[in-house]
Amino acid sequence: MTALNRVPSLMVRAGTASALTIAAVGGSIVAPGFSSEAAAATPATKALQIAASKKGSPYKYGATGPHRFDCSGLTLYSFKKAGKKLPRTAAQQYNKTRHISAQNRKAGDLVFFHSGRNVYHVGIYAGKNKLWHSPKSGDVVRLQKIWTKSVWYGRVK
């Protein structure tokens, strides 16, 4: 069924209906290759949006939201709201993700900061070498450029 088939017959007889007219009568327009935002939103995309919505929330060690967060508390909260379960700490979260290369990272993947084999910080990749995270005591949830190459990436299953 095409979008034109969903337009009331009166409008079709009168000529071409505009997008505004179609929307006003409850119709829809279908364009090849496009999907609605709701259908396109994956749990990772939703988690990224949730983390971004917490911009300016204060860091608090051990906090998991909704108003204060530590690093893994922000990722746990964001993915939980998006329908995915993560364990509590950055290291536990790393162990529960599918590990991916930097070349294959996507917005919504987790960014794990490490020293040797020790994971000590986590955030959500936002694209363009940036992440949303809750950095440290005295700071707030914010978007920041990834400042080191000592990171691993994980995709929430």
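Which residues does Phe112 touch, not counting residues up to four places away in sequence? Phe112 touches Ala90, Gln93, Tyr94, Thr97, Val119, His121, Val122, Ser150, Val151, Trp152, Tyr153 and Gly154, a contact being heavy atoms within 4.5 Å. The legends below start there.

This is a predicted model, where local features need pLDDT of at least 70 and side-chain atom pairs count only at pLDDT 80 or more, while totals for chains, interfaces and linings use all residues. Residues are numbered from 1 along each chain as its sequence is written, and side-chain values use heavy atoms, with hydrogens and water left out.

**View 1. Tyr94 and Phe112 meet edge-to-face.** Ring centres sit 5.1 Å apart and the planes make 75°, so this pair counts as edge-to-face. (Rings of Phe, Tyr and Trp, taking the six-membered ring of Trp, pair if their centres lie within 6.5 Å; planes under 30 degrees apart are stacked, over 60 edge-to-face and the rest tilted.) Tyr94 belongs to helix H6 (residues 90–96) and Phe112 to strand S2 (residues 110–115), so the pair ties together parts 18 residues apart in sequence. Helices (H or I, at least four residues) and strands (E, at least two) are DSSP runs, numbered from the N terminus. Tyr94 and Phe112 are both buried, that is, under 20% relative accessible area, with exposed being over 50% and partly exposed in between (1.4 Å probe, protein chains only).

**View 2. Phe112 also sits in the largest nonpolar core.** This core has 22 residues, and Phe79, Leu110, Phe112, Val122 and Ile124 have the most contacts inside it. (A nonpolar core is a set of buried Ala, Val, Leu, Ile, Met, Phe, Trp, Tyr and Cys residues joined through side-chain atoms within 4.5 Å.) Two or more residues each come from helix H4 (43–53), helix H5 (71–81), H6, S2 and strand S3 (118–127). H4 gives the most, with 5 residues. A second, separate core of 8 residues includes Val111, Tyr125, Val151 and Tyr153.

**View 3. An open antiparallel sheet is built from 6 strands.** The order is S1-S6-S2-S3-S4-S5, and two strands pair if DSSP finds at least two bridges between them. Strand S1 (97–100) and strand S5 (142–145) are at the edges with a single partner strand each, so one side of each has no neighbour in the sheet. From one strand to the next, the twist averages 40°. S2 and strand S6 (residues 151–156) run antiparallel, joined by 4 bridges, and Phe112 has Trp152 as its bridge partner in S6.

**View 4. H5 lies across S2, S3, S4 and S6.** H5 runs at about 45° to S3, whereas H4 lies across S3 and strand S4 (130–133), at about 100° to S3. Axes are lines fitted to C-alpha atoms, for helices over the stretch in contact, and angles run from 0 to 180 degrees between N-to-C directions.

**View 5. Arg155 and Asp109 form a salt bridge.** Their side chains meet at 2.8 Å, N to O; the rule asks for a side-chain nitrogen of Lys or Arg within 4 Å of a carboxyl oxygen of Asp or Glu. Arg155 is in strand S6 and Asp109 in the loop between S1 and S2, 46 residues apart. Arg155 is buried at 18% relative accessible area, and Asp109 is buried at 2%.
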